[in-house]
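Here are my notes on the model, as numbered points. Please read them with the structure open.

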Amino acid sequence: MKLNTSETANFRIFYDEADAEMLETVKERIKTTYTKVRHDFLITQDAGKFDFFLCPDVDSFIEYTGKSKENYQDWMVGNADYKRKRLCILSPRAVRDRSSEEMMKVIVHEIVHIAMDSLADADEVELWIAEGIALLYAGQTEPEYISETDFPKLNSLIGEEDFADNGGYDYAGVYVWYFIEKFGADIFKRVYMGLEQSGKYLYPEFEEEAVKEFRKRGNEKEVKMDIKAQFNLIAEEYDVNRKKFIPCFNDYYENTTRLIASNIAEPGRILDLGAGTGLLSYFWYQQFPSSEFVLVDIADEMLNIAGKRFKGIDNVHCQVLDYSKELPAGDFDVIVSALSIHHLDDDEKAKLFARVYGKLPTGGLFVNYDQFCAGCPEMNDWYDSYWESQLTDSGLTDSDIALWKERRKLDKECSVEAETGMLRECKFKTVKCVYSYHKFSVIVAVK
Ligand SMILES: [Zn+2]
């Protein structure tokens, strides 16, 4: 059968001409659901691209899902197969006993499965957890069908048959909602990933409380991620490798920031140049949680992660911007940067430092945590070869190291001496390298 195609960032959609008029609605539902689930659970692994088949009839549904005719039953209207990167939904036109709106919920349901599947193999996840999250997001759990007296206990929802027979499809969404409400999205994510057991959190009255709360709460239900958990999850996913690439990580980021912070007044505004995933700002934020932060980076994907790291904190702002060309509006008391400026050549560095100087008040601070060459080629070779040997010992994979070597080709390191010289030329009053470990140094310049 010949189907038309249409693309979104993560989905290639196959549809029949007869379904063309619902295409935009379907696409919108797919996109918003996928984005929301990934956002709520901080799912940042790139899962690649999926094929989404809006199947015009039952035969094509059977064909594209790879089911056999004998096994097909008429309640089967949607299917998500993460391993084959494929979703199949029966066109609402071909489904008799469900409205279009109900079929849209089926689409949302399957998209939730596909999005969550990048966290864990769905077959390894407890059924009420895997189904519950899909039912919850799809709005397939209706408060009016929930009984406060006659509800299934979770231990009766194990195994596909019991799950269906005992009301799993009606109640799993309720239980997942309450679990997240009570223990947080981060714990739910950990349980989903198999990092923790749900049994550690459950207790005898859990189901009863869940149905009562669910009915009381009506439609005001939102998945909320706790801020501290947010930081930790991001750290688990992103900062682990950073620590391996920077052998002196703790002294470099944390202790140096503490040293500086303990000697200055609380800044009104802090600017982070080349903020990336917000790691440096995170250390500054710990010292000055009331300051206003502006994080700029040219890479919007990285900045999105920073956005997640600081989600819900309204004194932290992210802005996609090429700081080698311009700085964000307004003045700043402190301007910081980590492992970014060494991608500029000396000319661009000098221009940047002059602009930075112009943004600071007298007494204002510029702090550059960066990567520097040794100043003489022999010692630079020492540093480089020793660094590489440290990476090999740190548990990084060969491909991590190969990528690192590729990235290193973009480096335009100058020496600490050259950079402190440039900063003095900009008329910074005090310029001092306050931390140094081989190639990693931190320079503080006071206006
Ligand atoms: Zn499902």
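1. Start with the contact of helix 4 with helix 6 in this predicted model. On the helix 4 side, the residues are Leu127, Trp128, Ile129, Glu131, Gly132, Ile133, Leu135 and Leu136. They meet Gly168, Tyr169, Ala172, Gly173, Tyr175, Val176 and Trp177 in helix 6. By class, this contact has 11 nonpolar, 3 polar and 1 charged residues.

2. Now the geometry of that pair. Two packed helices are described by the angle between their axes and the distance between the axes. Helix 4 and helix 6 pack at about 85 degrees, and their axes are 7 Å apart. Helix 4 is therefore roughly perpendicular to helix 6, as angles of 65 to 115 degrees count as such.

3. Helix 6 itself runs over residues 168-183. After helix 6 comes Gly184, with a positive phi near 95 degrees.

4. Which residues of helix 6 are buried? They are Gly168, Tyr171, Ala172, Gly173, Val174, Tyr175, Val176, Trp177, Tyr178, Phe179 and Ile180. Helix 4 (127-138) is one of the partners of these buried residues. They also pack against helix 5 (160-165), helix 7 (185-192) and helix 8 (206-217).

5. Helix 4 also packs with helix 3 (residues 100-116). The angle is about 135 degrees, and the axes are 8 Å apart. That angle makes helix 3 oblique to helix 4. The crossing is right-handed.

6. The residues divide into 8 nonpolar, 2 polar and 1 charged.

7. Arg190 sits in helix 7. Is Arg190 buried or partly exposed? It is partly exposed, because 19 other C-beta atoms lie within 10 Å, and a buried residue needs 20 or more. Leaving out residues up to four places away in sequence, Arg190 touches Leu195 and Glu196. Leu273 is 83 residues from Arg190 in sequence, and their C-alpha atoms are 33 Å apart.

8. Two backbone angles deserve a look. Most residues other than glycine have a negative phi, and most peptide bonds are trans. Leu339 has a positive phi, near 50 degrees. It lies in the loop between strand 9 (334-338) and helix 13 (346-359). Leu339 is buried, because 21 other C-beta atoms lie within 10 Å.

9. His438 is not a glycine, yet its phi is positive, about 50 degrees. Its place is the loop between strand 11 (430-437) and strand 12 (440-446). With 18 C-beta neighbours inside 10 Å, His438 counts as partly exposed.

10. Last, the chain as a whole. It has 16 helices and 12 strands. Of its 447 residues, 38% are buried. The C-alpha trace spans about 80 × 50 × 45 Å along its principal axes. Among contacts with a separation of 6 or more, 71% join residues 24 or more positions apart.

Technical notes. Residues are numbered from 1 along each chain as its sequence is written. This is a predicted model: local features need pLDDT of at least 70, side-chain atom pairs count only at pLDDT 80 or more; totals for chains, interfaces and linings use all residues. Helices (H or I, at least four residues) and strands (E, at least two) are DSSP runs, numbered from the N terminus. The expected span of a helix is 1.5 Å times one less than its number of residues. A residue is buried if 20 or more other C-beta atoms lie within 10 Å of its own, exposed if 12 or fewer, and partly exposed in between; C-beta atoms are placed from the backbone. Two residues are in contact if their C-beta atoms, placed from the backbone, lie within 7 Å. Axes are lines fitted to C-alpha atoms, for helices over the stretch in contact, and angles run from 0 to 180 degrees between N-to-C directions. Angles under 35 degrees count as roughly parallel, over 145 as roughly antiparallel, 65 to 115 as roughly perpendicular and the rest as oblique. A crossing is left-handed if the near helix is turned anticlockwise from the far one by less than a right angle, and right-handed if clockwise. Ala, Val, Leu, Ile, Met, Phe, Trp, Tyr, Cys and Pro count as nonpolar, Asp, Glu, Lys and Arg as charged, and the others, Gly among them, as polar.
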